Amino acid sequence: PDTDKRSLSSGVWTLGHYFNVYANDRYAVARDEHGPMIERDFTLTLHEEPGLRIVLFGRIDLILRNMVTGQRLPADHTTSSQMGADFFNRIKPNHQYTGYVLGAEQVLGEPVSEFLINGIQVKPRPLTARGGPPTFSRQITTRTPEDFTEFRDVVVEATKRYLGWAASGVWPLGPVDACASWGKCEFLDVCSAPNSLRTNILESKFTRTENT
């Protein structure tokens, strides 16, 4: 419905304000021999040892070019209901963004140390003139070789824990602080039910698919 913050009319209203705010933007979408650098995929080997190879893959929203300095800057569009302290506190450490910077190095073929988060507030279109416009915020975060090393260590440790659970068949509950955040996890109802009922709930609410 139009009153929802993610309705089409709210989206058009948000984009209208976005274009007005950044009408004289110093950034433009970078281009290469393949065209505009938008939605670029990457795949790279993050870690390899005997019996274990971890491949990181993803898709970078866009690569920007500073029209004043010529610097190319990977970026991510991020929507949030609130653009306050909680939003900015999630910028670093943030494994997702660190992975994007590693991927951007592969896409650009050159070292990358900075990453731009293009924050867009998602809110319903006001029904009266008293409602205010959405908030927009851009924040540049940096990553160092030490950050990349820590990211690899986290991924390797998490992967080995997962493989250990798969081998043992015992799956302990993970950190629960995020279960109800960002619209809640789709498996929240499963984990909140008694353990004896979880398999039945999974089988009734979800369809198992096999990767090929």
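Tutor: Keep in mind that this is a predicted model. Where shall we start?

Student: Pockets. Which element gives the most to the lining of the largest pocket?
Tutor: That is α6, with five residues. It spans 195–205. Helices α4 (145–168) and α5 (188–191) also supply at least two residues each.

Student: And how much space lies in the largest pocket?
Tutor: About 970 Å³. Its lining has 22 residues, and W171, F187, V190, C191 and L202 are the closest to the centre.

Student: How do the residues of that lining divide into nonpolar, polar and charged?
Tutor: There are 15 nonpolar residues in the lining of the largest pocket, with four polar and three charged.

Student: OK, next one. What volume does the second largest pocket have?
Tutor: About 400 Å³. The second largest pocket is lined by 19 residues. Nearest its centre are T78, T79, S80, R90 and W182.

Student: Which elements give two or more residues to that lining?
Tutor: Strand β6 (72–80), helix α2 (85–89) and helix α3 (95–108). β6 gives the most, with five residues.

Student: What about its classes? How many are polar?
Tutor: Nine are polar in the lining of the second largest pocket. Five are nonpolar and five are charged.

Student: Switching to strands. In which sense do β4 and β5 pair, parallel or antiparallel?
Tutor: Antiparallel, over 10 bridges. β4 covers residues 38–49 and β5 covers residues 52–66.

Student: Which residue is the bridge partner of E48?
Tutor: R53, in β5.

Student: And the turn? How many residues sit between the strands of that hairpin?
Tutor: Two. G51 in this hairpin takes a positive phi near 85°.

Student: Then what about C191? Where is its nearest cysteine sulfur?
Tutor: In C179 again, 6.3 Å away. C191 is in no disulfide. Recall that C191 is also among the residues closest to the centre of the largest pocket.

Student: What relative accessibility do C185 and C191 have?
Tutor: C185 has 32%, so it counts as partly exposed. C191 has 36%, so C191 counts as partly exposed too.

Definitions and conventions
Residues numbered from 1 in each chain as written. Predicted model: local features only at pLDDT ≥ 70, side-chain atom pairs only at ≥ 80, totals over all residues. Heavy atoms only, no water. 1 Å grid on protein atoms, 1.4 Å probe; cavity = no way out; pocket = protein on both sides within 12 Å on 5 of 7 lines; lining within 4 Å. Points joined across faces, edges and corners; volume = space filled by probe spheres on them. Helix = DSSP H or I, 4+ residues; strand = E, 2+ residues; numbered from the N terminus. Nonpolar A, V, L, I, M, F, W, Y, C, P; charged D, E, K, R; others polar. Pairing = 2+ DSSP bridges. Buried < 20%, exposed > 50% of the residue type's maximum accessible area, 1.4 Å probe, protein only. Disulfide = S-S within 2.5 Å.
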